[in-house]
Amino acid sequence: GMRSAVSAARRAATAAAAASTISTGGGQAAALSKADSTSLRARAKALKHIDEFPEIYPDFVQSPVWNRRIPLRESLERADMLERRMQLDVPEFYVGSIVAVTTTAAYLGAKEHRFVGICIRREKPGLLHQFTLRNVIDGQGVEVMYELYNPTIRKIETLKLEKRLDSDLSYLIDAHPEYSTVDPHMEPVAHPAGTPVPVNQMKVKLRPPPWTRRWEVIGPAGVANAWEDATPWYKRKFHKTKVNDYEKYDLIAAYRTGSTLEHELKVEEEMQEFERQRHAAGLTRRRIFRSASAAK
Amino acid sequence: MLGSPSSLSLLTRLFSPSISSTVAASGRWYPQPAYELSKHRSRPPVMGIHRRTRCMVVDNSQLGKEAHSSGKLAYCIHVYKQGFRAKHMPHATLGDKVLVAIRGEMKKAFVVGANTHVHLRKHGVPVTDTNNIVLLNEEGNPLGTRVTTAIPAQLKTKVDNAQFAKVLAISNKFL
């Protein structure tokens with residue numbers, strides 16, 4: 001839908017920008033960009049490129065802050081991340097999936113601690129990547145932030161693999177509790193391999209305001225009629241600022257914060273090379289590079 | 001002159017997109033992720049439990065029930081903790097002792113659930129939607145006989161504290 005159209009446009013813009021920096025002549029640039037994109041496509045095919053790579057591996061995406069994109073630092077961080085992923089099985093999960101995390105800590109002694117909840121947020125690139133789980137326990141909303149590469153994590157399980165309409169479900173704190181209630185003893189729901197990850201079209205009904213943020217202005221896709229629920233005082237105050245529809249057409253913003261096919265292919269190549277080496281050593285059969293929708 | 005390689009490289013450096021999206025001195029750029037916003041500018045005034053922060057009493061004491069049913073919640077008036085700066089009261093976090101005003105009385109209480117700001121959260125520490133407290137009497141013992149909600153398991157590290165051990169003893173469920 002919209003997302004794929006924007007990503008396609010983003011790719012085109014990236015290729016065009018790359019070509020324009022290489023050459024100055026018009027015809028030459030067109031020829032170069034064509035050659036460039038065909039070679040990229042050939043590489044993507046050879047590497048069995050996953051189209052949803054930035055969503056499955058948000059930790060491998062480059063920093064949205066451009067002067068933190070230091071190639072040496074990034075490659076060192078990626079090496080550490082791959083090493084950790086060989087030790088810990090990090091399954092595919094998205095914002096909106098139901099995830100269980102098992103941790104251990106000094107205060108628990110030898111015991112392990114398990115928390116089940118909906119993943120409401122995934123943020124920060126690289127080794128600092130963190131995700132937040134939310135659940136309602138005895139009528140009390142609880143959120144736990146986990147750092148993906150923290151060594152206290154023993155196990156991560158995806159109990160239900162699905163996406164939601166938004167990439168940030170922070171509004172669940174302002175929604176009725178039934179929307180974020182998950183049974184802590186729930187049985188995992190198997191995802192049939194090779195089928196696309198389902199997108200849950202659920203529209204959440206918010207509690208009456210005040211809310212933690214101006215959801216009627218932000219307008220997440222997964223919130224049912226936030227504008228109708230907002231109080232007249234806020235409507236009067238903020239109705240002029242509700243013009244944020246242009247943001248989805250902002251290709252420059254998408255280019256700056258998003259990931260490029262070139263970077264994705266580089267990371268995929270590294271991952272596959274790392275796997276090949278470890279499998280050849282005969283120590284493990286674990287796979288890091290995989291996706292539920294592309295599996296055979 | 002414009003065609004010389006040095007001036008060309010200077011021009012491309014001046015107009016390249018990477019220059020225009022570096023971190024400016026203002027600390028704000030576009031498009032900026034929410035977690036990159038500095039906590040030192042344009043922030044809401046208070047993050048954490050401080051003076052006038054409303055707290056929910058989660059024990060079964062009569063005082064807490066009355067406060068809850070009357071709709072006039074207990075609120076923090078002091079935090080019993082050494083701050084970093086003289087005359088600047090610190091914010092209370094999980095397991096800290098606070099003084100609260102409740103039903104016209106002043107009561108000491110332990111924080112057993114904190115609604116922490118997104119930037120200040122720690123790995124694996126549960127954050128509740130409300131700030132939860134357990135009231136203490138004058139002797140420092142819990143006012144109620146039971147804690148009604150689940151409390152974070154990290155609080156078990158405070159079992160050495162004689163007063164807090166009594167709060168742990170009356171709580172039966174941990175997050």
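Trainee: Which residues is Gln62(A) in contact with, once its neighbours within four places in sequence are left aside?

Mentor: This is a predicted model, so read everything here as computed from it. In it, Gln62(A) is in contact with Arg69(A), Glu74(A), Pro125(A) and His263(A), leaving aside neighbours within four places in sequence. The residue lies in the loop between α3 and α4 of chain A.

Trainee: Is Gln62(A) buried or exposed?

Mentor: The cut-off for buried is under 20% relative accessible area. Gln62(A) has 18%, so it counts as buried.

Trainee: Let's go on to the nonpolar core. Which residues touch the most other members of the largest one?

Mentor: That core has 55 residues, and Phe60(A), Phe131(A), Leu133(A), Tyr146(A), Ile156(A), Leu172(A) and Met271(A) touch the most other members. Several elements of chain A, including α4, β1 (98-104) and α9 (261-281), each supply at least two residues. β2(A) gives the most, with five.

Trainee: What is Phe60(A) in contact with, apart from neighbours within four places in sequence?

Mentor: Its contacts include Phe53(A), Met81(A), Leu82(A), Val267(A) and Met271(A). Arg78(A), Arg85(A) and His263(A) are also among them. There is a second, separate core too: it has 18 residues, among them Ile49(B), Met89(B), Val100(B) and Ile102(B).

Trainee: Now helices. Which residues of α3(B) are buried?

Mentor: In α3 of chain B (residues 62-70), the buried ones are Leu63(B), Gly64(B) and Ala67(B). They fall within an arc of 100° seen down the axis, so they line one face of the helix. On the other side, Gln62(B) and Ser69(B) are exposed.

Trainee: What do the buried residues of α3(B) pack against?

Mentor: They pack against β1, β3, β4 (105-113) and β6 (132-135) of chain B.

Trainee: On to salt bridges. How many are there over all chains?

Mentor: The count comes to 22. When you read one, ask where its two partners sit. Glu77(A) and Arg73(A) meet at 3.4 Å, N to O. Both lie in helix α4 of chain A, four residues apart, about one turn of the helix.

Trainee: Which chains does the bridge between Arg121(B) and Glu143(A) connect?

Mentor: The pair crosses between chains, from Arg121(B) in the loop between β4 and β5 (126-128) of chain B to Glu143(A) in strand β4 of chain A. The closest N and O atoms are 2.8 Å apart. Arg121(B) is buried at 11% relative accessible area, and Glu143(A) is buried at 3%.

Trainee: How far apart in sequence are the parts tied together by Glu138(B) and Lys107(B)?

Mentor: Glu138(B) lies in the loop between β6 and α4 of chain B and Lys107(B) in strand β4 of chain B, so the pair ties together parts 31 residues apart in sequence. Glu138(B) is exposed at 66%, whereas Lys107(B) is buried at 9%. Elsewhere, bridges that share partners join Arg134(A), Glu143(A), Arg121(B) and Asp129(B) into one network.

Trainee: What phi do Lys124(A) and Lys87(B) have?

Mentor: Lys124(A) has a positive phi of about 75°, and Lys87(B) has one of about 65°. Lys124(A) is partly exposed at 27% relative accessibility, while Lys87(B) is exposed at 88%.

Definitions and conventions. Residues numbered from 1 in each chain as written. Chains lettered and ligands numbered in written order. Predicted model: local features only at pLDDT ≥ 70, side-chain atom pairs only at ≥ 80, totals over all residues. Heavy atoms only, no water. Buried < 20%, exposed > 50% of the residue type's maximum accessible area, 1.4 Å probe, protein only. Arc of directions from axis to C-beta. Contact = heavy atoms within 4.5 Å. Core = buried A, V, L, I, M, F, W, Y, C linked by side-chain atoms within 4.5 Å. Salt bridge = Lys/Arg side-chain N within 4 Å of Asp/Glu carboxyl O.
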